[in-house]
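Hi everyone, thanks for making time.

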Amino acid sequence: MKKWKTLGVAAGLAMTLVAAGCGNESSSSDSLSQQVDYTVTGIEAGAGVMKATEKAFEDYQLDGWEIMPSSSGVMTIALDDAIEDKKPIIITGWTPHWMFAKYDLKYLEDPKGSYGGAEALHTLTRQGFADDIPGANKVLDQFNWDVEDMEEVMLEINNGADPAEAARKWVDAHADKVSEWTKGAEEGTGQEVSLVYVEWDSEVASTNVLKVVLDDLGYKTEITPLDNAIMWQAVAQGEADATASAWLPTTHGDLYEEYKDQIVDLGASLEGARTGLVVPSYVDADSIEDLQPKD
Ligand code: PBE
């Protein structure tokens, strides 16, 4: 048993009940900051947006604010509940994500740049992978799609499709794009390829799509969800072959600095990603600067 397999996927679940049960007594004459009880509804503790939100609290001097960790799934349930009741909520959001297609939402402007600017999703491999399995490495290197592509898969999953089925459907419908990824790549003869990811909706989509493409080409792809930091570590230490879940330059910038000499960065697979604080569009704030400190 590889040791990273035993680590770290359950952390988010413990917060489920806390997140679901946390109604606050507020009246509509209160400010937005009071109404949300100076709390941002977050995701998994190891995520980049969690750290960026702590940084935003400092940058904007939002003393007394808290970020509540949970999981990506629980966060979107809290969002759904708030929208149903037309209550204010502030979440950690990112693009690509199906939530922007399903709800009317806006990013709070971030003039101080706590969340960085435009992000790209990068594919990383362990050292030596290109020599060991050049065909699979070539596919990972040529893997490249758009925000709309990823959102198509994410929406399908959000509407109830199994991730593997949603990935299969997208691959079958986009044969032209997929053939660019596999162009010139040697077919596999059942070699095992291990991909690691984090159970964020965006990464579930990309990783399942890569599995379908690699398996179709003759590889045997195993996909394993992990905590963010453990995922980077697994690739850096050569315990996993690759990940398509690196958000750079800002969101995972600290992990990149830590591991850059031990990984191979194959470059961006998707441009135009973004992270930040997100609110339903009926919420009366446009910028993080519209929030107030607690004391
Ligand atoms: N995310 C989605 C990740 C990267 C992908 C924005 C939640 C993070 O914050 O680390």
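Let me start with a question: where is P249 found? P249 sits in the loop between β8 (242–248) and α13 (253–259). One thing to keep in mind as we go is that this is a predicted model. The peptide bond leading from L248 into P249 is cis, with omega near 10 degrees.

There is another cis peptide bond to look at, joining T95 and P96, where omega is about 10 degrees. P96 belongs to the loop between β3 (91–95) and α5 (99–102).

Now to the ligand. Around the ligand we find I43, A47, G48, V49, W94, W200, E203, W247, T251, H252 and T275. From the side chain of H252, an N or O atom lies 2.7 Å from an oxygen atom of the ligand. Taken alone, the ligand exposes 280 Å², and the protein buries 100% of that. The ligand's space is the largest cavity.

Next, some backbone angles. D37 and Y38 are both in the loop between α2 and β1. D37 has a positive phi near 55 degrees, and Y38 also has phi near 55 degrees. Are they buried or exposed? D37 is partly exposed, because its relative accessibility is 39%, whereas Y38 is buried at 12%.

Last stop: T76, in helix α4 (residues 72–84). T76 is buried, with a relative accessible area of 9%, and leaving aside residues up to four places away in sequence, T76 touches H97, W98 and Y103.

Terms used
Residues numbered from 1 in each chain as written. Predicted model: local features only at pLDDT ≥ 70, side-chain atom pairs only at ≥ 80, totals over all residues. Heavy atoms only, no water. Helix = DSSP H or I, 4+ residues; strand = E, 2+ residues; numbered from the N terminus. Buried < 20%, exposed > 50% of the residue type's maximum accessible area, 1.4 Å probe, protein only. Contact = heavy atoms within 4.5 Å. Near = heavy atom within 4 Å. Polar contact = N/O pair within 3.5 Å; in protein donor to acceptor, adjacent residues only side chain to side chain. Areas by Shrake-Rupley, 256 points an atom, 1.4 Å probe, with all protein chains shown as cover. 1 Å grid on protein atoms, 1.4 Å probe; cavity = no way out; pocket = protein on both sides within 12 Å on 5 of 7 lines; lining within 4 Å. Sits in = over half its atoms within 2 Å of the grid points.
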